[in-house]
Amino acid sequence: MNIKLIAIGKTDNKSLQTLIDDYTKRLSFYIKFELEIIPDIKNVKNLSESQQKEKEGELILSKLSATDQLILLDENGKTFSSVGFSEELQKKMNSGVKTLVFVIGGPYGFSETVYKKAQGKVSLSLMTFSHQMVRLFFIEQLYRGFTILRNEPYHHQ
């Protein structure tokens, strides 16, 4: 299985980017992983919130192939413990999913079109984090999930 994380806008904070790069490299020992950044939309000041979500939604959907399974990182999604998330990853691998695509939306979330296309939603926390930090937290949780599946000593109960 391949895993792709799609996010909107580049990571400005160099320290965060260094950590994202570190966990992306660690993750590569377990699974084929790709972080795809969609550039910020230009002239958002001239767009309404819903217009911005629609434009971002079109860009997100253009990055998917017909067989991709789309999971949104969404505040109203299902919450998991780290062990529970690793079990969910195992189920996806066992079910024959070729590419699992997770998406971090823009500042206003996702368009209705994206919600309709998604096969699931995951919430990392009830708290709100910056979109740049969510990238790091999510990639770390993917890495943690695979170390749990391999019974490696990274995660402690």
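Guide: In this predicted model, a pocket is an open set of grid points with protein on both sides within 12 Å along at least five of seven lines, and its lining residues have an atom within 4 Å of a point.

Visitor: Which residues lie nearest the centre of the second largest pocket?
Guide: The second largest pocket holds about 230 Å³ of space. Its lining comprises 15 residues. Those that lie nearest its centre are Ile-8, Gly-9, Lys-10, Asp-40 and Pro-107.

Visitor: Which element supplies the largest share of the lining of the second largest pocket?
Guide: Two elements, α2 (49-62) and α5, each supply at least two residues of this lining. By class, the lining of the second largest pocket has four nonpolar, six polar and five charged residues. The largest share, three residues, comes from α5.

Visitor: What is the volume of the largest pocket, and which residues are closest to its centre?
Guide: The volume of the largest pocket is about 450 Å³. Its lining is made up of 21 residues. The closest to the centre are Leu-73, Asp-74, Glu-75, Phe-129 and His-131.

Visitor: Which element gives the most to the lining of the largest pocket?
Guide: Two or more residues of this lining come from each of β3, β5 and α5. By class, the lining of the largest pocket has eleven nonpolar, eight polar and two charged residues. With four residues, the element that gives the most is β3.

Visitor: What does Phe-129 count as at 27% relative accessibility?
Guide: Phe-129 is placed in the loop between β5 (120-123) and α5 (131-149). Apart from neighbours within four places in sequence, it is in contact with Val-134 and Phe-137. Because values between the buried limit of 20% and the exposed limit of 50% form the middle class, Phe-129 at 27% counts as partly exposed.

Visitor: Which elements do the buried residues of α3 pack against?
Guide: Helix α3 (residues 82-94) has 13 residues and reaches 18 Å from its first C-alpha to its last, close to the 18 Å expected. Within α3, the residues Ser-82, Gly-84, Phe-85, Ser-86, Leu-89 and Lys-92 are buried. The buried residues of α3 pack against β1 (2-8), β3, β4 (99-104) and α5.

Visitor: Which residue just after α3 takes a positive phi?
Guide: Helix α3 covers residues 82-94. Just after this helix, a positive phi of about 85 degrees is taken by Gly-96.

Visitor: How many Å apart in space are Glu-87 and Lys-32, C-alpha to C-alpha?
Guide: Glu-87 is located in helix α3 and counts as partly exposed, at 46% relative accessibility. In sequence, Glu-87 and Lys-32 are 55 residues apart. In space, C-alpha to C-alpha, Glu-87 and Lys-32 are apart by 18 Å.

Note on methods. Residues are numbered from 1 along each chain as its sequence is written. This is a predicted model: local features need pLDDT of at least 70, side-chain atom pairs count only at pLDDT 80 or more; totals for chains, interfaces and linings use all residues. Side-chain values use heavy atoms; hydrogens and water are left out. Buried means under 20% relative accessible area, exposed over 50%, partly exposed in between (1.4 Å probe, protein chains only). Contact means heavy atoms within 4.5 Å. The expected span of a helix is 1.5 Å times one less than its number of residues. On a 1 Å grid over the protein atoms alone, a cavity is a set of points where a 1.4 Å probe fits but cannot get out, and a pocket is an open set with protein on both sides within 12 Å along at least five of seven lines; lining residues have an atom within 4 Å of a point. Grid points are joined across faces, edges and corners, and a volume is the space filled by probe spheres set on the points. Ala, Val, Leu, Ile, Met, Phe, Trp, Tyr, Cys and Pro count as nonpolar, Asp, Glu, Lys and Arg as charged, and the others, Gly among them, as polar.
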